[in-house]
Structure formats: structure tokens, C-alpha cells
Amino acid sequence: MAESYFPPRRVLMGPGPSDVPPRVLAAMAQPTVGHLDPSFVGLMDAIQELLRATFRTTNRLTLPVSGPGSAGMEACLVNLVEPGDTVVVCVNGVFGGRMKAIVERCGATAVTVEDAWGDPVDPAKVERALEEHPEASLVAFVHAETSTGARSDAAAVVELAHRHGCLAVVDTVTSLGGIPVEVDGWGIDATYSGSQKCLSCVPGLSPVTFGPRAVQRIERRKMPVQSWFLDMSLVMGYWGSQQRRTYHHTAPVNALYALHEALVMLHEEGLEKAWARHRRNHLALCAGLEAMGLELPVAPEHRLPELNVVAVPAGVDEAAVRRRLLEDFSLEIGAGLGEGAGRMWRIGLMGASCTPRHVLLCLTALETVLADMGAVIRRGAAAAAARAVLEG
Ligand SMILES: Cc1ncc(COP(=O)(O)O)c(C=O)c1O
């Protein structure tokens with residue numbers, strides 16, 4: 001006999017999803033209406049307005065793609081890349097590598113600009129690649145590399161792209177809501193994010209926005225977009241005009257209630273205050289981890305507040321530590337990804353999972369488990385170091 005599923009209550013401090021506030025979960029449990037119901041159409045307008053405010057843009061083509069961050073990545077690239085194009089793709093972690101794979105599946109040539117694990121994208125290398133490839137039409141890069149915890153200078157890379165006649169596609173999956181993302185201020189042509197990170201919504205939606213140059217590029221395409229589902233010219237029939245919304249696909253109505261509530265909560269707090277909260281808790285967590293004697297491999301000036309990479313101490317079984325954290329404290333932290341697998345942990349401080357309570361729980365739990373496992377750490381200093389930052 002099949003049985004109902006009741007998930008455990010976790011504290012989510014991995015690379016996403018982050019904790020989803022009860023208000024957001026409650027919004028999701030409201031009655032389902034039709035995706036063309038007049039009431040729902042009003043909600044769609046409200047979501048688009050809130051997304052524009054979050055991305056800091058006036059772009060009309062701003063909407064949540066019905067799919068996770070990878071769907072947003074694919075939506076931006078398949079609409080803006082055509083077979084035969086040359087695209088400069090910056091790879092400084094797993095997600096830059098995924099952008100490259102999509103560009104190549106579009107039939108384009110990817111010119112990669114590589115940076116070491118944990119380093120930001122180097123604008124000087126991007127400039128060199130653009131000089132060597134005057135035929136390039138697009139630059140694609142990740143603002144906040146979740147696999148390494150490094151933040152790149154998005155404004156500088158976008159500016160370079162424009163100076164060389166290229167559009168700029170930026171991955172803001174882990175940045176949106178946690179650190180500044182200025183779509184109009186930096187001139188980003190297209191960007192995608194994810195619902196499950198600093199927005200603290202349920203997973204499965206990808207906010208995207210396309211600026212005027214990107215819309216023009218889509219309108220002037222020689223070939224139709226190879227993905228029917230993600231073709232923005234078709235999706236716009238549903239999301240594009242407030243007066244007339246026509247069926248494209250059945251929108252994930254209840255997940256959109258959740259996104260709306262998560263965005264309302266973000267703007268109740270205020271974007272700048274949310275960024276400051278991420279920074280404060282990050283500094284407290286780092287102070288605690290360092291007081292414990294743990295190593296943070298990303299240089300302080302490039303660290304992402306919302307994703308903290310920690311080196312696993314010598315001789316420690318990293319998977320066993322995560323298992324104990326989950327079993328004894330119901331606390332999830334992330335494993336290393338790509339080059340960091342087996343050597344690093346990734347501790348998320350994203351959205352609702354970014355509070356002093358999360359910082360202190362994580363430090364205390366990690367210290368307890370590491371000490372039990374015989375790791376060489378300094379005991380009794382971490383929580384005090386974090387509190388000194390939080391109270392300072
Ligand atoms: C920077 C970045 N880009 C893209 C993705 C893909 O998002 P999703 O897993 O929601 O498809 C992730 C997911 O962790 C990410 O961190």
C-alpha cells in the first residue's frame with residue numbers, strides 16, 4: 001500500500017534550496033486557479049513588477065521561466081545564440097562549464113576564458129579573448145559561482161562585452177537577493193536566476209530578464225529558436241501583454257503564488273537591507289570558522305556572502321561529517337562540487353537561511369561533530385568570534 005510522504009524538518013545551509021519561510025509555503029497551499037483566470041492574470045502582473053524591482057530593471061521582458069535555474073540558463077542562451085555564432089564563455093567553475101555545453105549544443109563555437117577554481121573571472125583575459133575573436137557576438141559568465149564561492153565583477157565584464165560589440169548574458173542564480181545585481185545599472189542584456197537560493201522560494205522557477213538589445217537580437221534571428229518551450233517569442237504570448245494573455249503552457253500556478261510571496265517578503269525587508277544581512281552573517285560565519293582553525297580557500301575580497309567554501313581538515317571523512325550534521329542536528333551543508341568534491345564543504349547563507357541563528361547553529365554543530373571525529377580544531381572559540389561580529 002502506498003503511503004503519504006512526510007519530509008523531515010531540516011535546516012538548509014547547503015548551496016540551495018534554502019529554508020522556505022512558512023508564509024511562502026502557506027501561499028503555495030492556496031487553492032489552484034486556472035492559469036488564465038482573471039485573478040491569476042493580475043498576480044502575473046504583480047510578479048513581473050516585483051521581479052523588475054529585484055533585478056533593478058525596467059525591461060518589459062521579465063518573467064519567471066517554468067523550470068529551475070538550468071531552464072533559465074538555457075532560455076537565455078538558446079534565444080540569443082544561433083548556429084555558427086562565436087560566444088566567449090568564462091569558465092571558473094561548474095556552472096560556467098554548463099553554459100559552454102549549452103552554447104555548443106546551439107551549434108555555436110565557444111571560446112573559453114578559464115580561471116582557476118576559487119578565482120573570479122579575470123576581465124583582462126576576457127578582453128584578450130574579445131580582441132582575438134572580433135567575430136564574437138556574446139559573452140556569457142557566472143556572477144556568483146556556486147561551485148567555488150567566488151564573485152566576479154559583473155559590471156566590468158559586461159562593459160568589456162559591450163565595448164567589443166557583444167551582448168552579455170549573466171548567471172545570477174546565486175546572486176539575486178543576496179548581493180547587488182544591477183541589470184540596468186550594469187547594462188546586462190539577459191540574465192537568469194533561481195527561486196531556491198537567496199529568494200528562499202520553493203525550487204523550480206527561474207526569473208529571467210531580457211533588455212532591449214537582447215529583444216532586438218531575438219527579433220532579428222535567422223533561424224527559429226530550436227527549443228519550442230523556451231522560445232521567448234512564443235512565451236511572450238502568455239507573459240508579454242497585460243491586456244491579452246494566450247495559452248502557451250500551463251503555468252505552475254501554485255509555485256508562482258510562492259514566488260510572489262517570497263518576493264513580497266524580500267521587498268518588505270528591502271533589497272539593500274537583505275544584502276547587508278547576507279554580508280553581516282557571512283562575516284560572522286567566517287570569523288567563527290577561522291577561530292575554529294578551518295581554512296577558507298577563496299580570497300576574502302572575492303568571497304560570496306551567500307556561499308562559503310570551507311576546506312575539509314586533513315584526515316577527516318567529509319561525507320561522514322555531513323551525515324552526522326544531518327542525523328544529529330537535522331542540518332544540511334553542501335558537499336564540494338567539481339574540483340572541490342571530497343575536499344571542500346559549501347555552507348550556504350541564502351535568504352531565510354541567512355540569520356544569526358543559522359550561523360551559530362552551524363558553528364556549534366560543526367565544532368561538535370569535528371571534535372567527536374578527532375579532527376584537529378580549536379574548541380570553544382567559534383561561537384564567541386561570530387557573536388563578536390554580530391554584536392559589533
Ligand atoms: C550558478 C548556478 N547556475 C545555475 C544553476 C542551475 O540551477 P538549477 O539547479 O536550479 O537548475 C545553479 C544551481 O545550483 C547555480 O548555482
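## Basis

Helices (H or I, at least four residues) and strands (E, at least two) are DSSP runs, numbered from the N terminus. The model is predicted, so local features need pLDDT of at least 70 and side-chain atom pairs count only at pLDDT 80 or more, while totals for chains, interfaces and linings use all residues. Residues are numbered from 1 along each chain as its sequence is written, and side-chain values use heavy atoms, without hydrogens and water.

## Ligand surroundings

The ligand is surrounded by 14 residues (a heavy atom within 4 Å of it), the closest being Gly69, Ser70, Thr146, Asp171 and Lys197. The largest share of this shell, 3 residues, comes from helix 3.

A side-chain N or O atom of Lys197 is 2.5 Å from a ligand oxygen. For Gln196, a polar side-chain atom lies 2.8 Å from an oxygen atom of the ligand; for Gly69, a backbone N or O atom lies 2.8 Å from one. Of the 380 Å² of accessible area that the ligand has on its own, the protein covers 86% (Shrake-Rupley method, 1.4 Å probe).

Four strands form an open sheet in the order 1-12-13-11, with mixed pairing (strands pair if DSSP finds at least two bridges between them). Strand 1 (11-13) and strand 11 (307-311) are at the edges with a single partner strand each, so one side of each has no neighbour in the sheet.

Strand 1 pairs with strand 12 (residues 331-335) in the parallel sense over 3 bridges; Val11 has Leu331 as its bridge partner in strand 12.

Technical notes:
Polar contact = N/O pair within 3.5 Å; in protein donor to acceptor, adjacent residues only side chain to side chain.
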